[in-house]
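I would ask everyone to keep the sequence and the model in view while I speak.

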Amino acid sequence: MAEKIINKLKEIWEKIVAWWNKFTSRQKTLVVVLAAGVVVAFVILYAVLTSPNFTMLEQCKSTKEASQITSVLEGADIQYKVSDDGLQVRVPKKNLSQARLTLAGSGIITSGYTIEEALSGSFTVTEADKSKKYKLYLESTFEEDFVNVFPAINSCTVQLSLPENDGTLLSKDEEPGATIYLNIAEGEEFTTDNAASLAKAVATALGCKNANNIVIMDSDANLLFSGEDISSAAGNASTQLGVKADAENLLNQGVKKVIGGFGPFGDVKVASNLVIDFSTTEKTSHEYTPAEGQSQGLLSERSSYTEESEGTGGGVPGTDSNTETTQYYQDYGSTSSTIEELYEKYLPNEFIENTQIPAGTVKYSESSVAVSSTNFIIVKEDDVKKQGLLDGITWEEYKAANSERTPITVTDEMVALVSRASGIPERNIQIVAYDENFFVDSEGLGIDIYDVIQIALIVIILALLAIVVIRSMRGEKAGEEPEELSVETLLQSNPEPTLDDIEIEESSETKKLIEKFVDENPEAVANLLRNWLNEGWE
């Protein structure tokens, strides 16, 4: 079995050699050059398509640290690049996790600061040095936690202010503080409410009673949180500014939706100014009504008093002397009196209402909103050319002549729609609308440089293959109609120096001439042999 396989391989090899020997030296050279060109073209194409995408591994603080990292990467056979300043180390994106694990296994932490590093030290390390290291550890921990917990935070910088414990009462009363700078990721949002929550978390972690000493800013120098500016009666929002901003954002989004559905407006910008009352109001009202079917309410109390008296009449009292004889007459007349008092207390129906108006009430009658909407009209360069509008002018001149915005008349229906959506009276609503041309340049063939390179390489490869095939076919065609040559003609066609005495050596002059003739005219030699064989058979 093995012998058959070996014989088969020898047969295949002999066929390959025979096929190769059909070509002349010039053809062989051309085939080798073409093959080398194809290989080089494929190598270039592969290098362009598979070039690695490098990403940041570590921003080193010193070149010594960068040297340590690169040494570990070289030992792990991980490809890397170093910036010109020698501080940035980049690795292919697909090898980022492997590089981090390799560095961690070598004791190099690419980010963060451990508690062991903060508390480690020799006898020469003082408590002040340990405090500084612990502060650095807290800052590094906060930075790493913020980035890992909040997707909106791309990176951050934390600066802590820890009071020195010198044993005095004043130092015990001091509270830590923090200044936090946030780099918000593109397309993400980090609101003032998020900043207030973050400030409370930092204050709790530092052991502060409140967040008065916490300041949070973003990379655009916007103040997101500054101290304990919190109104507990303002609803879910943490600050009065946050309440106003959240309410305006909610209103703006609603107005954008209705404007976008009203007309073909591609760009709608809404700015609202809501007047919000942050004062807390408590109101109590009493309402009294008589009982049903009565003119008075329910009898609560009732009391009565009655007094009767009787008596007789007498003479006129006095001190006058009796100068005359007095005659007495008996008079039996009498008097009587009656007193009656009645006290009744009625309770009418009473309705008592206690109303507490929380802070954050929007006064829509005093608020206002402004809307700017733009309807984009797409104008393509190819369409303009077809319409003949570019006759005599260039595309840039046409864009400059038609770049002005055209005002659109705003209907009362549109104003009423915004009023219903926002709750703001129509008199406090201002809307402007425009038509604006959006120019689209001609895309041409839509092919970038990489497509051009690939197409060029493919064309070159196909052209080289076509040349090889054509030349091979020409060679076979020429071999089909050979010209019969005699030995004398062949020898006369090569007027080499006449042969003198033939010396029997390892390689005589005649042998050299024959070998040279065979190398230069393999097709003619093959035809000659074919003729000889045919003559022998005949």
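**A buried serine and its surroundings**

Ser 367 has a relative accessible area of 0%, so this residue counts as buried. Please bear in mind that the model before us is a predicted one.

Where does Ser 367 sit? Its place is in strand E13, which covers residues 361-380. A polar atom of the Ser 367 side chain lies 2.7 Å from the backbone oxygen of Lys 363. If we set aside the neighbours within four places in sequence, Ser 367 is in contact with Asn 273, Leu 274, Val 275, Val 362, Ile 424 and Asn 428.

Four strands, written as 4 in the order E8-E13-E15-E14, form an open sheet with mixed pairing. At the edges are strand E8 (267-277) and strand E14 (406-408), each of which pairs on one side only. On average, and with direction ignored, neighbouring strands here are turned by 20° against each other.

E13 pairs with strand E15, residues 429-440, in the parallel sense, and 12 bridges join the two. Within that pairing, Asn 375 has Asp 435 of E15 as its bridge partner.

Which helix packs on the sheet and touches E8 and E13? That is helix H9, residues 240-262, whose direction makes about 140° with that of E8. A further helix, H12, spans residues 412-422 and lies across E13 and E15, running at about 115° to E15.

The buried residues of H9 are Gly 242, Val 243, Glu 248, Leu 251, Asn 252, Val 255 and Ile 259. What covers these buried residues includes H8, E8, E13 and H12.

I turn next to another set of strands. Strand E4 (residues 153-161) and strand E5 (residues 177-184) pair in the antiparallel sense over 8 bridges. In this pairing, Ser 161 stands opposite Gly 177 of E5.

In which sense does E5 pair with strand E6? The pairing of E5 with E6, residues 214-218, is parallel and comprises 5 bridges. Here Thr 179 stands opposite Val 215 of E6. Between E5 and E6 the chain passes through helix H8, residues 192-206, in a β-α-β crossover that is right-handed.

Helix H6 belongs to this part of the account as well. H6 covers residues 127-149, which is 23 residues, and reaches 32 Å from its first C-alpha to its last, close to the 33 Å expected at 1.5 Å a residue. Its buried residues are Leu 138, Glu 139, Ser 140, Phe 142 and Phe 146, and they pack against E4, E5 and H8.

Asp 77 is found between helix H3 (63-75) and strand E2 (81-82). Its phi is near 55°, a positive value in a residue other than glycine. Is Asp 77 buried or exposed? With a relative accessible area of 73%, it lies over the 50% cut-off and is therefore exposed.

Definitions and conventions: Residues numbered from 1 in each chain as written. Predicted model: local features only at pLDDT ≥ 70, side-chain atom pairs only at ≥ 80, totals over all residues. Heavy atoms only, no water. Pairing = 2+ DSSP bridges. Right-handed = clockwise from strand over helix to strand, strands pointing away. Buried < 20%, exposed > 50% of the residue type's maximum accessible area, 1.4 Å probe, protein only. Polar contact = N/O pair within 3.5 Å; in protein donor to acceptor, adjacent residues only side chain to side chain. Contact = heavy atoms within 4.5 Å. Axes fitted to C-alpha atoms, helices over the stretch in contact; angles between N-to-C directions. Expected span 1.5 Å × (residues − 1).
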